[in-house]
Each structure stands twice: as structure tokens, then as C-alpha cells.
Amino acid sequence: MSHPLARALAAVWLTACGLACSSPPVSSAPAPPPAPKPEPTLWAGGHVTKLLGPDRVVFSRGSDDGIVLGRDDLTVHPLLPSDDGKSKQLEIDIRIARAKVVEVRPTESVLQLSVIAEPVQVGAFVQYRWPVPAAWRDDALLECAALDIELRWHTRDEPMFRLADLLRQGPAIARPPILAAMHKEVLDLAELARTVYKVRVEGGDFHGLALSDAFARTTVADIEKFLGFVRAFPGKYIGHRWKLVEVYATWIINRTPDGDREVALRAANPLLQDGNAAAERGDFKTAEGLWRQALALVPDLEAAKTRVKAANDIRIHRDVLSRDPDDSDRRYKLMVALFNRSAYALAGEELAALEKVGFRPWDLQRYRGMILVRRGQYAQALAILRAAEKQKSSTELTIWRTYAEQMAAIQTDPKGFAAKLALGKLHEEEKQWDSAIAKLHAALDVAATPEQLAQAHQGQKRVAVRRDVQSAIDAAETAARNHETKSVRDKVQVIVRKLGSIGESTQAAAAVGKVAAAAIGVWEYALALELRLRQVKLAPKDADAWFGIAWVQLQLNRPDMARKVLDKALPLKPDSHYGHLVLAQAALDQGDVAMALAEATTAANDPGYAWPRQTLAQIAVTKGDFAQAEQLADHAWKLLPDDYTLRNLRLGARVARQAHDAIAAGRDVERNRLRLVRALVWMDAPLAATEASRSIVRASKHWPDARRAFAEASGARFDPAEKAAAAAEFAPASPGEKVMVERCAAEAAMAVTETADNRLRLGRAYLAEGSFHRAIATIGTPQPGTPAADLYEAARLGLQADALRDEARQARSVATPSRPRCCMSGRARYWPRCTRGRPIRPCTRWSPAGLRRAVKRTRWLCCCRTRSACAARASRMRCSIYWPYKRTWRRWQATWVPAAPLRNAPSRSVKPRTTTIASPICTTAAAGNYWATASWAKLGRTSTARRCWPTGSATPRCCSMPRVR
């Protein structure tokens, strides 16, 4: 259930960074004492009961409900059809009129409407802010009544509680009998529930019980929990007259969710606001404390996490600058961090210091303009931003310049409609929905003509739809990742319907494509194909959607179907590198190497596109050119170094080239042929891997290993029948091998005929291998009580276990931060010390065995970039050490000397020891740069060791070591 009123609450506390808010000018003078906080209020409302004319209506609230004569801050909002189309739901983002109280009666009042965007209908929701009585503060029962939520008796058509009665009697008198009556109503209708819902409840507080048993075991605490949920998510309850037992039964069937998180968010939002205000004043210590309080209330609140991290970064930047004031790069980072946390005065001071040394002038000019915008000095900001845009244009700069132009226009003419409408569109383009709605509402207030009123009204309708669509897209992607295919289809239907209502079929097609991509990520190829077909129906001329269909067909091992689709799609967009790449893959899967080479070469005309290089590398190994394949794989990896597929491609190409060269030279031919097979499988080159596995002599001892490596290939482009034949050619010696053989056989059977039995067989094999996503995607949505349903549930539980394991691992890493890698062993009394007298901790992790023994003997190895870093404490060093291949890095001579014993440690006479090791590389997380170690000089009996390395300055950085006895 959605919570539309949360959107109005969220608009009050927009974040202090980006274009989502307009911050007032910040003065460097001491801040005045904070004003006393106003009395707490909550959102309240009623409904229109009668129309007295086009601009005059009767309101369901009166003097008994706290309405006073002359109040003019009421707004009217419509009830629109819900996503399921069975009921209506409040749409708080759309405002259709303003209202003023012109007549008050005890139980109702008369409203005069103004700024009417569309005719008001009976039942429309009228919203206002209402001061909470101290006795009723933070009470779910009162808030439900204030929001015009009526829960009625089952046999009587009247509400169980009214706002006026609650206010008149007080909580001590009114609350206990109401809760007792609601409890009794549920208990009395337990037998009726037995005939209505016969399936047992799954999940929640009443898991495993029939609905009647859940009713019979209901307590007053359960009723209070249900009211808390209604208060937190009132969207589908407002404007309806629900029977208590009906919505209570729905709540039980939906696993008894609670509204604790929403209540905690409401308590955390003021803390975030106060922290933002403290940050604007430059008091980051107070701000961080407030943000941490908000984080304690809602541990996963991303806004609080971001702010706490920013405060920590600012503290680190300032600490580093206190030791090295000339570090301009660090000062620039500090300035950006201060700007993002709205400390514009402090950011301006750091920016002025950077301007004196001429550091990155264009970036400083850009930030100077943005700071002036945030401080409300739009004319000066425009001059600076326009000058910066002439030097180098950027999308971000254009947005800021447009924002400053419109704000300057509003500053000149506060009632300017065009500027407010333009700002609303600007925020809409940036997907800042709250800001867009606020600006469009402001445009509604100043609209002078029916045309302007219609423009602003259509704008808020469009923003409301796009916001709902964004939520639906996120929900559909989550459902796709959870293999909830029915939910995906329902959400996609909502997306298409809502975007179609505002005439944005192209955006609807793009949204469906995003959901299809999420389905592909979890091997839901059948669902992805269905969504891609829906996408091309919405946008028949969208070539990328057709290319997506062809790609899914490739994943389903249907290259012939993919080529048929591409023959129709490529004429729509003949210069598409992606389309030519998909065609190259389809041709390669069919064995048409010449066509695959031509299409992949065309796709590789884009110099920044990595994937055509992968295909070209696969073609190269198919043709036997392993040196070229290694070059292409290395090029592809450099374009996308973080992609694991390209990392495997690069590794496989190198091993394949080495194995091929060894075979050509006649060195250990059979073993290198096995290496070649494995490398080609890593490269996902099915044709070459097939031939290489067959080239091994059957009598060879490496034959079973080669065929097994080929059978283990998980790519869809490998022939299932060939893999099954390879798996059948050796005797499995372990349960894992037996599972692999069964999986290959099931894949081959599925490639021939897709029957329910074959699906079940393949799903069981995937489950045994631990491929839970693939198991669920293969099984689909089974019928309850069948073996497929049991298998589906086992796979789902496996996914949940993996998720819980990941959460636990993340929680442990957060609760117990790991020590720096270069500080893993050794006792403090034997650690050497820097010039500042602090110990340098030993670095033994990731070192080779010989070096590990040397370090263990000598008890020290400093791997810090600067003297200050060397002298820092362990929690501040953040230093990692890596040991590359000896053939890759130059060797260096190091003289290992045991550390001088500290006080109270036995002294001993030792001799310096020299060893040759591979050059390590150390990187500090704070600086993010690398250095190579230099050589140590031999140490005399009373000498002091100094280790120096270049830092980019004239004077190298050195670190003094203690004398050696």
C-alpha cells in the first residue's frame, strides 16, 4: 500500500544539496539564538459532502472538529482510480482548488473555492494542517480519525469512532472502550471468517493459522498494531467507508505489516532538518550528532548515512590540511564537501584560498556561480555561469544557469507564472518530484488566465503520473529480481496505462525495457522475451527494442530466430553498433565465421565499445590467431576493467596463447591442450573449445578433464547436446560431478522439447548446484502442492539464506571495522618507531612465503606513503600491500634489520640480513596513489635508517628508523 501523504511530508524537508531546494543566503555573522519551535501539527482532512455551486461546497468538518471561521489554507485533492481499478485512491500531488472557511457549523462547514483547476466532485479530499492536542500526541487512533478514515461496524452502517467524540472525551476515557469494542467485533466474527477465507495464512504474526483462528487469537495489541499500519499508510483508506473486519482480514492475509518504520521516519525527519541547519552554520559536530540520532531511529536511512559520511570526510579533509596547508587537491575536496552540505560561507572561504593559487580555474568559476545561486545572488551568479559556459559547456552548468535565470525572474516578479512553470519543468526533468510539485503549485497560485491554470494543472498531473511510474518501475524491477512474474506483469500493466494516459508511449516502452533488463539479470529469459515483445508493440520503430529481442533469443540458444529478428531490425537503425554486435554473435553461434567477423568489425568502429572486441577475440581463437586474440581481449578489458566477463576473457586469452605456443613448440603437448580447452571455455568461445576438446587423444589421461571442462561451461552459446556428450564421457567420481552430468543431460533434453518434466529435471539440477536464480527461472510459477512447487520453495529459501548471509556479513563489517592490511601481526614492544615516536606496524599479509618468514623474523616493514601517514595510528593508515608477479615488476635489494627492542624488552645482538624480493606496491585509501619501494642501505651498529621516495616535489619524503643495537 502506498502512502501519498508521505509525499507532502517529504516536500517539507527537501535535502540541502542539489537543485531540490532553494537555501536562503548564509551569513558569516554569528547566528541569532534559535526561535522557539512551533507546536506540533499533523495532516488532517475531510471530504466534500455537497456542492452548493461551482465555487462553493460543504465540508464534513465543523467546529467540533477544530475548524475555525476564516481559515484559508485548505487544499482540495481528487480521488483517482487505484492501480487495480477496483477502488479510488487519494492523489495528494494533484491540487484541484484552494479553499477558505466562510461558514462554520458544529458538524460541517462551508468552503469558498479559489484557483479551481478542475471541477470539484463530491467525495474530494480537503486537506489542512491541524495542531495536535497535547493529550493525544502521537496516537494512531486520533490520527486515523483526523485523516477522515472511517472504520465501521459489520452490522451497523456507522463509524466506530469520530474525531469530535475523541476530542470531547479525551484519550483516557475514549481510547480504552473503542479498542475493546474493535477487539470484540473481531472475536465475534471469527466463525464468519471461516467461511470467507479457507486458505491458511502465510507469514506474519498468524503464520500457519486459518483466518478464523487468527481472528479468535487476536488481542488488543494486534488491533493497535493494525491501527499503526493504517496511520502509516492511509492512502487506500482515506475517502472510503471500510468495515473493520474486512480491512483487518486483508491486513492479516498480507502478513500483518506494521508502520513502525514510517513512525520512525517521522521522528527522524526533524533531526535531519536540524542537522542540515547546523551544517549550514558550519557546526558540523552538532550536525553529525543529530544525523547519528536519526540513523539510530532508522538504521537504513540513506539520507542520514550520506550526511554522516560527509561530516566524517570534512573532518578528515580538515585534519589533513592542518598538517599540509598547501595540499590544493585536498582543499578542493573540502570545498566540494562543504558545498554539498550547504555550508556555503565556509565553502566560499576555501574557494577563495584556491583561487589565490590558481587551482582548476574553470571548476572554481563554476562553483563560485553555484554558491552565489544558493545564497540568492542570482544576477552575479548568472554573469559567472554564463562566462564559464562560454569556456566549456556541460549539462550540469546549463541546468544551474537555467535555474538561476528563472529564480532571478521570480525575484524580480514574485507573481511571474512563466518562471515558476519553467522551474517545475526543470525539476521534473531532473526527477526531483517534490520540488516539481511545489513549483507547479506555486504556478497555480499565480495563474492569471484559464490557459495558465490549465498548463500548471496538466503539469502537476504529469509529474504525479511520472512519480507513480518511477515507483512502479522500481517495484517491477524488484519483483523481477525476486522472480515474482505475476507482480511484474501487473506493474508493467500499470506503467503502460499511466504513461498512456498522458500520451507518453515512447517512455512506456523504455520503462518496459528497463524491467526486461532486470529479468535478464536473473535468467528470466521467458519473461524478458514477453516484455521485449510488449516493448516493440508500444514502439514498433524502436530498433533497440528489436535488438533486445534478438539478444534474448541468443540467450535461449536460438541463433536462427535472432537472425530473423535482426534482418527486420537493422534497416531501422543501420548504424547501430549494438545491432551489428548481436548479429555477429548470432552468426558465430551458427558457425558463419566470415559474417561474424564482418559484423563484429563494423560494431568495433566505436572506439569506446568493449564488447565487439570480445567477439573479435572469440573469432580470432576460432581461426587460430591466439596472439591477436590476446591483444583484442586486453583492449576490451582496458575499456571495462571492472567487468568480470572481460577479466575472464583477458585471462583466458593469455593462457590460450601460452598453451598454443607450448603445443607448437612440442612442450608437454597433452597438458597444454587441456590448458587450452579450459582457457577457451573461460573466453566463451564454443566452436574453438569444442574442437580443442576433441583434439585430445581419447587414450590420454587428460581426456576426461578436458571433456569435463567443456561440460562445465555455463554459457548459452555452447551446444547443449555437445556438452551432454562431453559430460557422459567420463565417470563422475564425486557428487558435484554427478550433478554436473545431470545438468548437462537436462539442458540437452530441454533444448529438444520444453516439457514440464524436463523443466522440473533441469530445475532440480540447478538447485543441486546452488544456482537458485536459474532454478526458479526454469521452474516458473508452479501449481501449489506439486513437486515443482516444493522445488520452487526450496530455491526461494536458498535465495533468502544467501541474502541473510550477505546482510550478516555486511553488519559484521560495519560493527567491527577490519584493521588495516599493513598492520596485521607483530607485538607492539618490538615495533620500530618513526620520528614522532609512534610505532610502525608490520606488514605481513599478501607476502610470499619467503618474505613472510623474513618479516616475521625482523618484525617490521613500513609501507606508508608519507611521514605523517607513517606516524598515524592504525585506524587512520588504511594501507594495503600487493605482490605482483616477479616477471612483471623489477626486483630490488632490501636489507632486513630487526627492530630495536623498546623499553623493558630484552636486548639482543643481530646481524643485518639481505634478501631479494619482488617489488611490492602500496596504495593508501586516502590519497589513492601508488609508489614503489627504494633500497635500504646497510645499517651500522649505531646508525639511523632513513627511507626516502619521490613525492612529486623537489624534496623527497623520508621516515627515520631507530638505531639498531
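Which residues do ring pairs link into a cluster? They are Tyr332, Phe339, Tyr344, Phe359, Tyr367, Trp400 and Tyr403. The views below come from a predicted model, where local features need pLDDT of at least 70 and side-chain atom pairs count only at pLDDT 80 or more, while totals for chains, interfaces and linings use all residues. Residues are numbered from 1 along each chain as its sequence is written, and side-chain values use heavy atoms, leaving out hydrogens and water.

**View 1. A tilted ring pair, Phe339 and Trp400.** Rings of Phe, Tyr and Trp (its six-membered ring) pair if their centres lie within 6.5 Å; planes under 30 degrees apart are stacked, over 60 edge-to-face, and the rest tilted. Here the centres are 6.2 Å apart, with 55° between the planes. Phe339 sits in helix 12 (residues 328–340) and Trp400 in helix 16, 61 residues apart. Both Phe339 and Trp400 are buried (under 20% relative accessible area; exposed is over 50%, partly exposed in between, with a 1.4 Å probe and protein chains only).

**View 2. An edge-to-face pair, Phe710 and Phe718.** Their rings are 5.7 Å centre to centre, with 70° between the planes. Phe710 counts as buried at 0% relative accessibility, and Phe718 is buried too, at 2%.

**View 3. Helix 16 meets helix 17.** Look for residues 395–412 and 417–429, the two helices in question. Contact (heavy atoms within 4.5 Å) joins residues including Ile399, Tyr403 and Met407 of helix 16 with residues including Ala419, Leu423 and Leu426 of helix 17.

Technical notes. Axes fitted to C-alpha atoms, helices over the stretch in contact; angles between N-to-C directions. Helix = DSSP H or I, 4+ residues; strand = E, 2+ residues; numbered from the N terminus.
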